[in-house]
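Morning, everyone. I have one structure to walk through, chain by chain and then contact by contact. Have a look at it first.

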Amino acid sequence: MRFVYAFFIKTYLTVMKMKNWPPTALLGLILLITIVLITAIGPLLIPNDPYMANMAERLSSPSLTYPFGTDHMGRCIFSRIVIGSQATLGITVLVITTVILIGIPIGLVSGYIGGRVDSIVMRLADGLIALPEFILAIAIAGFLGPSLTNLMISVVLVKWISYTRVVRGIVLSEREKEYVLAARVGGCTTWRIITRHLLPQIISPVLVLATLDVGKIILIISSLSYLGLGAQPPAPEWGAMLSDGRPYFQTFPELMIYPGMAIFIVVLSCNLIGEGLRDKLGEKSI
Amino acid sequence: MLSLVRKRLLQLVIVVFILSIFTFGLMKLAPGDPVMSILNADEMMVTEANQANLRSDLGFDQPVYVQYGKWMHGLLKLDLGTSYMSGKPVWNEMMERLPITLQLTTGVLLVMFSISLPLGIISARYPRKWPDQISRILALIGASIPSFWLGLMLIYLFALKLQILPSNGMGSFAQMILPTFTLGFSLAAVYSRLIRAGLIECFSKDYIQAGRARGVKEWRILWVHAFRAALLPVITVFGLSMGSLLGGAVVIEILFSWPGLGSMAVDAIFNRDYPVIQGYVLLTGVFVVVVNLLVDLSYYLIDPRIKQGKEGSN
């Protein structure tokens, strides 16, 4: 599996070789690194147990013990947001990795081999693409039943299509080029052509697509969790926290401000990086 | 033109067929037994006999392909089955709720275009100047803000703090403002950038340059020469926005308690009311495909180059 290492090294070099990052993208990068650090050392930072209910202190205003106040069960909002970042970021990383691992191979095979495989995959993609992503995710989560695992499955099932399409498009135009023909004449196997010659070509579009998608996936997951189709209480997922606090919104709006802010900042930082990558790598079409 | 319509109608049939297999397959794969959930909903004693009765009433004791055939046959007659919960035909229930969702989406489209068109035009006219930078920042915020959270914050500001707008319900104009603006803003922010990109591409065309060289006034170039070509990206945006529009409508309907199609679907999910979910998915899919078909056809009316079989500007 040496091509996997080669792929990662090439990706790393693609990012590192970029000079003159726009300041907005740097801002996004710094934000995201901070958030990842907070997520990683979260358990050391939090002042209170995020699950511990304390009815005597319910709906209290921000104080030294509770920096963002407490929710309707007397749980520390700050601690819940910090711990909730693990859920949100963890799910997103898992989902985007799975999507890439499914979408890229299908796109490579379908584009390079073509024929019946290609037409079956593309008809399937056409049928699924007709449905708005969010509604498809709702439908799948709906049929499988509301839970976090099913939500992740549904987002993966929705998202692989766009990767397959992009990868397939690139492979279709690359496979007729001279270097691929030369490799074929030189006796390379199909496997080797796909992994060594075609795979590196898709790095920058997939990189751009994935960074921009991280934000979209966080939004889909938190929206579906808000509707009650994702993380179930008492899990401190940001969308679920917002849905949890909805009945107390009129009397205690602070309950809703901070988790939403958290979602906004994470998505914003991903979008800033994504836009920077898109401009730098010249992937205008995505 | 006719061959295109024929081709796209065929595509529509294929898409509906795939969607139907997809939704039917999901329903069969879904965990839990709908027979049990109907019986449990009645809160009666569940016996083996009435389980078996209901199972054969619903046709669940037959092979899967027979069930699919029956379901498909009904589908052609717009019979989508009956809701497990209300016992009413799914089609009737959807038609009752459709006007509400249409009212919401029309309002959102109005808000979206009345924000994104001026913003797109100004930022294309003065690229990299301050109006363009503002619209870029707005687009970033719009793409990053969860629409349900934006809605909550607007409710907080206008309904709770200032108390000038109602926070839920529907019917009056005042009740339209918050929901349509919530979704309209997020969409406008994103699509104003697409309109800008389309316009900038169009400004760089030779005939615009030629007009400028001949000393045609800038406003005349914008409104007479560029406008027609710029309609294409605007219509493309309209077609593209259908997905986010219908998806966003689900969240907005729940947030502002509008009894539209989206809230029907979410209720159905919690009640495991599969025929309703199925109907909703099919209706939305067909709707999106039909809108995109209309969008493609309108290219022909706007851009004569496409009609002549030459490569269009899009």
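Chain B has 13 helices and 0 strands. Helices here are DSSP runs of H or I, at least four residues, and strands are runs of E, at least two, numbered from the N terminus. A caveat on the source: this is a predicted model, where local features need pLDDT of at least 70, side-chain atom pairs count only at pLDDT 80 or more, and totals for chains, interfaces and linings use all residues. Residues are numbered from 1 along each chain as its sequence is written, while chains are lettered from A and ligands numbered from 1 in the order in which they are written.

Stay with chain B. Its C-alpha atoms fill a box of roughly 85 × 55 × 30 Å along the principal axes. Of its 314 residues, 37% count as buried. Buried means 20 or more other C-beta atoms within 10 Å of the residue's own; 12 or fewer is exposed, in between is partly exposed, and C-beta atoms are placed from the backbone. Take the contacts in chain B with a separation of 6 or more: 71% of them join residues 24 or more positions apart. A contact means C-beta atoms, placed from the backbone, within 7 Å.

Now the interface. 36 residues of chain B touch 36 residues of chain A. On the chain B side, α1, α6, α7, α10, α11 and α12 each supply at least two residues. By class, that side has 29 nonpolar, 7 polar and no charged residues. Nonpolar is Ala, Val, Leu, Ile, Met, Phe, Trp, Tyr, Cys and Pro; charged is Asp, Glu, Lys and Arg; the others, Gly among them, are polar.

Where does A30(B) sit? In the loop between α1 and α2 of chain B. A30(B) is partly exposed, with 17 other C-beta atoms within 10 Å. Beyond its neighbours within four places in sequence, A30(B) contacts F143(A), L144(A) and Y274(B).

Over to chain A. Helices α6(A), residues 133–144, and α7(A), residues 148–174, have axes that come within 8 Å and cross at roughly 140°. Axes are lines fitted to C-alpha atoms, for helices over the stretch in contact, with angles from 0 to 180 degrees between N-to-C directions. The contact includes L136(A) and I140(A) of α6(A), and L151(A) and V155(A) of α7(A). By class, it has 10 nonpolar, 2 polar and 1 charged residues.

Last, α1(A), residues 2–16. How many of its 15 residues are buried? The count is 0, so α1(A) is hardly covered.

Notes:
Contact = placed C-beta atoms within 7 Å. Expected span 1.5 Å × (residues − 1).
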